[in-house]
Amino acid sequence: MADLSGLRGGMLAPALSYLEQGSVDRAFRAYRALRKHEPRNAGIAFNFANALAARGLTKEAEQEYRNALEAEPRAPDILNNLAALIGESGRHQEALELCDRGLISAPGHSRLLLNRARQKLALGQFEAAGVDIEALLALAPAMYEAHNLKGELLARQSKWALAIDAFKQALELSGNDRQVRINLGSAYAANGALEDAVAMFTAALRQERRDVTTLSALGAALQRMGKHQEAINACELALRLKPDFAEAHNRITTSYLTMEQWQKAIETGEEVLKRHPNHQEGLYNLGSAYIGGRRYKDAIACFDAILAAGPKDDMALLNLGNALAGAGRIQDAIEAYDRMIASLPHWAGGYLNRGHAYGKQLRWEEALADYRKAAELEPKKTDHLYSIGNVYLHRGQFEEGWKGYEYRNKSSEGVQLRFPDIPVWNGEDLTGKRIVVFHEQGLGDNIQMARYLPLLQQRGAEVSFHGYPILHALFQTAAPGLKTIDQVKAEDYDFQVATMSLPFKFGTRVDTVPQNVPYFTADPERVAKWRDRIGTHGFRIGMNWQGNPTGKIDEGRSAPLAQFLRFAEIPGVRLIAMQKNHGLDQLKDVPDH
């Protein structure tokens with residue numbers, strides 16, 4: 001629209017002064033008094049319309065533009081500004097017709113040509129918009145708005161590299177226009193140049209710190225870079241400026257989900273729903289947060305609400321299945337996965353999750369079929385080989401099982417590697433060689449695999465164990481001479497191997513599981529110490545009731561201490577609490593006897 005800087009003073013001065021003071025009624029009275037003396041002066045109506053539009057009084061501005069057109073129906077500036085005004089309200093076809101009308105009388109009018117291209121772009125007429133833009137660039141090659149609109153057209157066509165070039169030229173010609181910066185940042189983000197996107201959004205925010213939309217876009221780019229705390233900071237700043245900004249709240253929830261900070265994700269997700277009760281993405285994220293926090297009943301309610309609202313949401317079905325499985329409603333979960341697979345038969349995720357559910361029912365044939373289907377659909381994703389291996393292990397088919405198990409930890413080649421400069425042991429002769437065995441997974445897993453340490457020694461190796469200092473003393477009783485280390489230097493070792501890979505490396509089958517049981521021995525001094533403390537009377541049952549509650553594996557493994565107390569009613573039985581760390585708070589509820 002026209003620059004208003006030249007409208008101060010002159011005949012319109014009183015009306016404009018009242019507008020600036022916010023006194024719209026007085027401005028109109030002054031303007032109407034002027035119009036009585038100049039009823040056919042289109043310039044007065046046009047300039048007053050510009051002033052109204054600049055102050056957001058769009059309905060009033062439109063009427064004054066039309067009043068101006070009654071006096072001068074072919075005036076290109078009036079037609080252009082009216083078209084721009086109604087185009088901004090979404091009436092693009094009507095705006096396009098006004099531009100066409102203006103260009104008949106003024107074919108070289110650059111603003112009308114720009115405006116017409118903008119309306120065509122909004123209507124999805126990409127080819128026609130491109131023709132106008134190229135004509136405009138030939139007419140006014142230094143017009144930054146033309147280069148910017150070309151960038152917008154290319155962005156709508158997902159031609160990101162070309163869009164970036166157009167926005168760069170627009171930015172240079174504009175003298176660093178803020179909106180062009182934002183457009184360039186968005187194109188960078190879409191093209192994966194996230195650091196450049198962050199730089200552009202940050203520069204735009206220096207020009208206007210209260211732009212919540214750009215703050216949210218900055219948060220989105222930071223999220224994609226894995227800088228979740230910085231993303232949260234950007235979105236929290238946006239919320240201080242606009243507390244009801246659902247997109248920023250929801251983005252914070254997403255970051256907390258990625259960081260697996262379930263309680264914070266739940267809190268922000270609930271805030272989204274409190275402010276925006278029907279926010280579908282907010283419901284989805286909150287449901288996901290509830291799953292992470294193991295509040296499965298609440299998660300089921302979220303995904304049920306999404307599916308009830310419609311339209312059908314396949315990912316909501318998937319997560320409904322996950323929530324039902326977490327709640328122990330395995331058959332209901334399978335039915336949800338069935339519905340999802342019927343809708344997306346070529347997506348591996350549905351088969352993978354249904355396979356997990358079949359596994360919980362010990363329906364190994366069905367689980368194996370689903371994992372194989374997932375592997376067929378995603379042949380490059382080795383996670384499916386790991387799932388298939390797990391089925392074989394459950395069925396006692398160790399040869400196939402351990403082979404598949406090597407694809408755990410998202411290993412793309414089935415090789416567990418911790419120290420990049422040390423070769424992985426694959427069964428080579430160990431005579432006179434030095435091998436470091438590194439821990440993985442939980443304490444119990446490593447304790448099971450300690451039975452293989454003496455087998456490595458028997459092959460002539462000098463064996464070191466790296467990790468879990470709490471296990472060092474115990475492991476040395478399984479393999480006398482075992483070295484336990486805190487740091488690994490590549491030059492000190494010929495090979496490395498993971499504890500959980502040892503069964504595969506030794507070709508373990510059901511009938512060849514090392515049976516040197518017991519493979520640990522207790523320290524005689526500690527035995528004496530605990531005998532004195534506990535005594536030898538009664539039938540003693542040592543008890544642990546709680547695993548690490550932060551790990552998902554704890555689901556279905558821990559049980560409340562109260563469930564075991566009935567054993568204390570059996571004459572002669574003594575329950576000995578061996579629990580450490582988690583779960584000790586339950587002791588306060590144990591009866592004195």
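Let's start with a helix contact. Ala42, Phe46, Asn50 and Ala53 in helix H3 meet Asp77, Ile78, Asn81 and Leu85 in helix H5. By type, the residues of this contact split into five nonpolar, two polar and one charged. One caution before going on: this is a predicted model.

Now the geometry. Two packed helices are described by the angle between their axes and the distance between the axes. Here H3 covers residues 42-54 and H5 covers residues 76-88. Their axes are 11 Å apart, and the helices pack at an angle of about 25°. Angles under 35 degrees count as roughly parallel, so H3 is roughly parallel to H5. What is the hand of the crossing of H3 and H5? The crossing is left-handed.

Next, Tyr493. Find Tyr493 in the loop between strand E3 (483-485) and strand E4 (495-498). Is Tyr493 buried or exposed? The relative accessible area of Tyr493 is 11%. Buried means under 20%, so Tyr493 is buried.

What is Tyr493 in contact with, leaving aside neighbours within four places in sequence? The list is Ile422, Arg434, Ile435, Val436, Ser464, Ile485 and Val488. Take two of those partners. With Ser464, Tyr493 makes a side-chain to side-chain polar contact of 3.2 Å. As for Arg434, 59 residues separate this residue from Tyr493 along the chain, yet their C-alpha atoms are separated by 5.0 Å.

On to the backbone. Gln441 has phi near 65°, a positive value in a residue other than glycine. You will see Gln441 in the loop between strand E1 (434-438) and helix H25 (443-449). Gln441 has 34% relative accessibility and counts as partly exposed.

Tyr468 also has a positive phi, near 45°, and again the residue is not glycine. Where is Tyr468 placed? Look in the loop between strand E2 (462-466) and helix H27 (472-478).

Last stop, a proline. Pro518 lies in the loop between helix H28 (502-505) and helix H29 (524-534). Check the peptide bond from Val517 to Pro518: cis, with omega near -5°.

To recap two items. H3 and H5 are roughly parallel, with a left-handed crossing. Tyr493 is buried, with a polar contact to the side chain of Ser464.

Key
Residues numbered from 1 in each chain as written. Predicted model: local features only at pLDDT ≥ 70, side-chain atom pairs only at ≥ 80, totals over all residues. Heavy atoms only, no water. Helix = DSSP H or I, 4+ residues; strand = E, 2+ residues; numbered from the N terminus. Buried < 20%, exposed > 50% of the residue type's maximum accessible area, 1.4 Å probe, protein only. Contact = heavy atoms within 4.5 Å. Polar contact = N/O pair within 3.5 Å; in protein donor to acceptor, adjacent residues only side chain to side chain. Axes fitted to C-alpha atoms, helices over the stretch in contact; angles between N-to-C directions. Parallel < 35°, antiparallel > 145°, perpendicular 65-115°, else oblique. Left-handed = near helix turned anticlockwise from the far one by under 90°. Nonpolar A, V, L, I, M, F, W, Y, C, P; charged D, E, K, R; others polar.
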